[in-house]
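Notebook open, model loaded. I'm jotting down what I look up as I go.

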Amino acid sequence: MKEYVIGDIHGGYLALKALIEKLSLAPEDRLIFLGDYVDGWSEPVETVDYLCELKARYNTILLMGNHDSLALDWLLNGTANDLWLSHGGAATVAAYQKVSENKKKAHILFYTALMPYYLDSKNRLFIHAGFTNQKGVAKEYFEKIFYWDRSLWESAISLDPRIPTNSPLYPKRFLCYSEIFIGHSSLDKIGESVPTKHANVWNIDTGAAFKGPLSAMEINTKDFWQSAAVYLYYPHELGRNDS
Ligand SMILES: [Mn+2]
C-alpha cells in the first residue's frame with residue numbers, strides 16, 4: 001500500500017488530474033489531501049467533484065484549509081470579505097454562480113466533512129497549516145489555528161539545525177509527532193519548488209496557486225511527483241498572481 005500526501009490545489013483541477021494520473025494508483029492506496037482545494041484557478045467546482053470521485057474509489061483523507069473554510073462560509077452565509085475575494089475567492093464565487101443549487105448543497109456537505117487534522121497509527125500528523133500548543137493538536141483551543149497558523153513552519157525554517165532535539169531551545173511542539181506534513185505556506189516564498197523538510201516538518205505546498213506545480217509525496221519513501229506548473233494549464237488566467 002502506498003500513502004500519498006498532496007499539497008494545496010487552489011482550483012487547479014487540470015493539474016490535479018494530471019498529477020493523479022502520474023501516480024498509477026492501486027485500489028488499496030491511500031490519499032491524504034492537505035486542504036486549500038479552492039480559490040485561485042477557475043475550476044474549484046471540478047476540483048471538488050474530482051475529489052469526491054477519488055474519495056469514492058480510494059482510502060482518502062481530506063483536510064480543511066483556510067480557503068475551504070472561507071468558501072464554506074460564503075456558501076452558507078454569503079460572507080465575502082474583500083481580502084478573501086482578492087486572494088482567490090473571486091474565482092470561487094464566479095465558478096459557483098454557474099452551478100445548480102443541488103450541486104452547491106452537495107459541495108456544502110463536502111466542505112463540512114473536511115477534517116481539521118489527521119493523525120495516523122505511526123504518530124504522523126497531517127494538518128493544513130500548523131498548531132501552536134506545545135502539547136500538540138489535542139490541546140489547541142481554537143480550531144481555526146489548524147488551517148491558518150504560519151508559526152509552525154516559520155519556527156521550522158528558522159531553527160538552527162545544530163540544536164539537538166533534547167535541548168531546551170528545541171521547539172517542544174515538533175516533539176509531539178514523529179513527522180508533520182503541512183501545506184499553506186507556499187515554498188516558492190523560500191525559493192523551493194519541491195517538497196521540503198525542516199526539523200521534522202514536511203511542507204508539500206509547492207505554490208500551485210502562483211507559479212509552481214502541484215505535488216504529491218509518498219510519505220514512507222519520500223518519493224514525489226509533480227504536475228507541470230499549474231498556470232500552464234490555465235494560460236488565460238492569473239490565478240493568485242494578481243493579488
Ligand atoms: Mn492555506
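I started with Asp36, which I found in the loop between strand E2 (30-33) and helix H2 (44-57). This is a predicted model, so I keep that in mind for the backbone angles. Asp36 isn't a glycine, yet its phi is positive, about 60 degrees. Is Asp36 buried or exposed? I get 30 C-beta neighbours inside 10 Å, so Asp36 counts as buried.

Next entry: His10. I placed His10 in the loop between strand E1 (3-6) and helix H1 (13-23). His10 has a positive phi too, about 55 degrees, and is not a glycine either. With 31 other C-beta atoms within 10 Å, His10 is buried.

Then I went to Lys135, in the loop between strand E5 (124-126) and helix H6 (145-148). Lys135 has 11 C-beta neighbours inside 10 Å; the cut-off for exposed is 12 or fewer, so Lys135 counts as exposed. I also checked Lys135 against Glu28: they are 107 residues apart in sequence, and C-alpha to C-alpha I get 33 Å.

Last, the sheet. I traced an open sheet of five strands, order E4-E5-E6-E8-E7, with mixed pairing. Strand E4 (118-119) and strand E7 (196-198) are the edges, each pairing on one side only. E4 and E5 run antiparallel, joined by two bridges. Which residue in E5 is the bridge partner of Tyr118? I found Phe126 there. Helix H7 (residues 151-158) lies across strand E6 (179-182), E7 and strand E8 (201-203), and I noted about 110 degrees between H7 and E8.

Note on methods. Residues numbered from 1 in each chain as written. Predicted model: local features only at pLDDT ≥ 70, side-chain atom pairs only at ≥ 80, totals over all residues. Helix = DSSP H or I, 4+ residues; strand = E, 2+ residues; numbered from the N terminus. Buried ≥ 20, exposed ≤ 12 C-beta atoms within 10 Å, placed from the backbone. Pairing = 2+ DSSP bridges. Contact = placed C-beta atoms within 7 Å. Axes fitted to C-alpha atoms, helices over the stretch in contact; angles between N-to-C directions.
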